[in-house]
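Please examine the chain displayed below before reading on. The report then describes its overall build and several of its residues.

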Amino acid sequence: MNLKNILTKATSTVATAVVLSAAIAIEAPKAEAASYKLFWEGDGGYTAMGMFSFSDDLIGTIVTEEELDDLIISFFDPEGTLLEAFDYDFPNPDTSGEFNFNFDTVTKTIFQSANFNDEDFGLDLGIDFGGGEITGLDFYTEIDGSEGVILDDGIVLLESLSDEEFELLDQGGVLTATKVPEPASILGLLAIGTLGAGLTRQKKQAK
């Protein structure tokens with residue numbers, strides 16, 4: 001057997017192995033948790049990025065903060081400098097105050113159309129603004145100006161400097177959620193791509 005035939009056979013063997021790997025990956029059970037990326041950009045250029053996850057069993061329902069497996073979110077100024085990050089420790093997160101989060105798994109939207117303290121449609125992450133000695137960033141929906149921040153409507157990013165002093169950093173924008181592909185899907189795509197490359201090499205060698 002000449003070198004050309006050896007290479008062709010080896011490539012075919014690799015391609016077959018890749019196909020089997022792809023089949024195994026595609027048929028593998030789904031991950032136990034559904035994960036989504038978080039992103040927000042305010043009118044002034046401040047941004048937030050993070051991720052949250054919950055059980056696949058909750059797909060088709062409204063997921064509340066009590067049903068999350070994990071939620072992390074970081075805030076950045078317009079230059080990209082990290083201001084503060086929050087990593088909630090579930091199932092009993094120490095939020096140092098209010099925590100309000102509702103996600104529609106059907107429409108893939110985070111509810112943010114009511115004041116922060118509305119249990120169904122409000123949003124409240126970060127510190128508890130006005131919570132005594134607590135300082136830092138609060139990220140919440142402010143629709144009717146109940147906290148004294150003048151807004152048309154929407155999300156507020158506020159920095160609490162003391163119990164009586166705060167600075168409005170940014171407002172507006174929408175907090176979005178984007179599905180993170182499951183590992184099985186990623187492996188399947190990689191396998192198919194590798195298989196395509198192997199078949200292309202075989203065709204070239206056959207010429």
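Predicted model: local features only at pLDDT ≥ 70, side-chain atom pairs only at ≥ 80, totals over all residues.

Residues are numbered from 1 along each chain as its sequence is written, and side-chain values use heavy atoms, with hydrogens and water left out.

**The chain as a whole**

The chain contains 2 helices and 12 strands. Helices (H or I, at least four residues) and strands (E, at least two) are DSSP runs, numbered from the N terminus. Their order along the sequence is α-β-β-β-β-β-β-β-β-β-β-β-β-α. The chain has 207 residues, of which 39% count as buried. Here, buried means under 20% relative accessible area, exposed means over 50%, and partly exposed lies in between (1.4 Å probe, protein chains only). The accessible surface comes to about 11,800 Å², and 56% of this belongs to carbon and sulfur atoms. Accessible areas come from the Shrake-Rupley method with a 1.4 Å probe; for residues, only the protein chains shown count as cover.

A contact means heavy atoms within 4.5 Å. Among contacts between residues at least 6 apart in sequence, 50% join residues at least 24 apart.

**Pairs of residues**

| Pair | Apart in sequence | C-alpha distance |
|---|---|---|
| Thr81 and Thr47 | 34 residues | 9.9 Å |
| Thr178 and Ser35 | 143 residues | 8.5 Å |
| Leu169 and Val156 | 13 residues | 7.9 Å |

Thr81 lies in the loop between strand E4 (68-76) and strand E5 (82-88). Thr81 counts as partly exposed because its relative accessible area is 43%. Leaving out residues up to four places away in sequence, Thr81 touches Phe75 and Phe76. Thr47, in turn, belongs to strand E2 (residues 47-55). With a relative accessible area of 14%, Thr47 is buried. Beyond its neighbours within four places in sequence, Thr47 is in contact with Phe39, Trp40, Glu41, Ser74, Phe75 and Phe76.

Thr178 is part of strand E12 (residues 176-179). Its relative accessibility of 43% makes Thr178 partly exposed. Not counting residues up to four places away in sequence, Thr178 touches Ser35, Tyr36 and Lys37.

Leu169 is placed in strand E11 (residues 166-171). Leu169 is buried because its relative accessible area is 17%. The residues that Leu169 touches, apart from those up to four places away in sequence, include Tyr46, Leu83 and Leu137.

**A backbone angle**

Most residues other than glycine have a negative phi. Lys108 has a positive phi of about 60° although it is not a glycine. Lys108 is located in the loop between strand E6 (102-104) and E7, and at 37% relative accessibility Lys108 is partly exposed.

**A charged patch**

Glu66, Glu67, Glu119 and Asp120 form a negative surface patch. Patches are made of residues with over 30% relative accessible area and no salt bridge, with like charges joined within 9 Å and nonpolar side chains (Val, Leu, Ile, Met, Phe, Trp, Tyr) within 5 Å. A salt bridge is a side-chain nitrogen of Lys or Arg within 4 Å of a carboxyl oxygen of Asp or Glu. Glu119 sits in the loop between strand E7 (109-110) and strand E8 (124-126). Glu119 counts as exposed because its relative accessible area is 66%.

Note on methods. Lys, Arg positive; Asp, Glu negative; His and termini not counted. Charge placed at Lys NZ, Arg CZ, Asp CG, Glu CD.
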